[in-house]
Amino acid sequence: MKTKYFLLIAFFTLFSTTAVLAQNTESPSEMSIDVMNRKGVALYNNGQYVEAVQWFRKAAEQGNANAQYNLGFCYDIGAGVEKSLDVAEIWYRKAAENGDMSAQYRLATILYCFHYEVEKRSEGLKWYRKAAEQGHGEAAYDLGLYYHHSSKPINLPEAIKLYKKAADNGCYRGAISLGNLYYQGKEITRNYEEAANWYEQGAVLGNGDAQLALGICYMLGNGVTQDCNKFIMWIQKAAEQDAKKAKLVLGVCYYCGIGVSRDTSKSLKLIKELSEGYYYNKSDVYFTLQQFERNEPVSNVTFPGSYDKDFNKFLDYIMYEISKS
């Protein structure tokens, strides 16, 4: 299994405190520990990282779990201090032992992904479990990945249980993993309705691949009532989030007039964007672009992946690609 490292997933939420404490006039000796931490958060959010670290340290040394986590995070990414995973681990551990689930997750990631000793990695799994039990979605997902791909023996029922816990705690990766399992039907009994339900949960959480997958379910009538309008709605939402596979599908739809009025200029714009930027399989893009640039008649267009004129086979190919990502 490829070790997954999601150390920066929650970057924009970890320092979400919005209290502005610039007018606070208390001296450090008079301040409560919590106020010290919140002052650090305000400074951090203002880009004053060195000063923020000083306040985090004051509160962290007095046992404030939030400040311990925040100080560990600063060492983790090198904000206001020299980057050091070793020091980050020390502060994450203090916060984790004080019950902070975000710290438990970050500590687990360092132990499992950056240490090679069996004991360290085992401890990492323990902290993933603790964070997951407190409702940390990403921790539940990462632990699910372990049981799905790395544990000996593989424990798929436990992985599914953890993916569900992840999805229910706002982790779209858990939802799309469940959708893929039920849709592909290779490891568990195929259930399109269940797959569509989980894709919808991931789509509502804002994931582009889940939105694309749900759209395809609507186009093919797999697990939902066939609805071309909803197909277009969801792939447009996915494309707006820069989901590459969705842009490819939408470009094909505009060229062929599938679900939308035919518009070759919009089609070429989408496909050229993919050809000029990153796309995991550029051969699909170039194959499509060559046909569109020579103004291939719609009746002669063959689709990437399947290299067939059957649009539904192309969508099946896209679903397979989603399951691999």
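**Stop one: two loops with positive phi**

Start by selecting Asn295, which sits in the loop between helix H16 (282-293) and helix H17 (311-324). Helices here are DSSP runs of H or I with at least four residues, numbered from the N terminus. Check the backbone: the phi of Asn295 is near 55 degrees, a positive value in a residue other than glycine.

Before going on, a word on what you're looking at: this is a predicted model, where local features need pLDDT of at least 70 and side-chain atom pairs count only at pLDDT 80 or more, while totals for chains, interfaces and linings use all residues. Residues are numbered from 1 along each chain as its sequence is written, and side-chain values use heavy atoms, with hydrogens and water left out.

Now jump to Asp242, in the loop between helix H13 (228-240) and helix H14 (244-256). Asp242 has a positive phi too, about 70 degrees, although it is not a glycine. The cut-offs are under 20% relative accessible area for buried and over 50% for exposed, with partly exposed in between (1.4 Å probe, protein chains only).

**Stop two: helix H8**

Twelve of the 13 residues of H8 are buried, so the helix is largely enclosed by the rest of the structure. Among the buried ones are Tyr141, Tyr146, Tyr147 and His148.

What covers them? Show helix H6 (101-114), helix H7 (118-133), helix H9 (156-168) and helix H10 (172-184), which are included in the cover over the buried residues of H8.

Next, step into the loop between H8 and H9 and pick Pro153. The peptide bond from Lys152 to Pro153 is cis, with omega near 0 degrees.

**Stop three: the cysteines**

Cys113 is buried, at 15% relative accessible area. Then try Cys217, whose sulfur is 14 Å from the closest cysteine sulfur, in Cys228, again too far for a bond. Cys217 counts as buried, at 0% relative accessibility.

Technical notes. Contact means heavy atoms within 4.5 Å. A disulfide is a pair of cysteine sulfur atoms within 2.5 Å.
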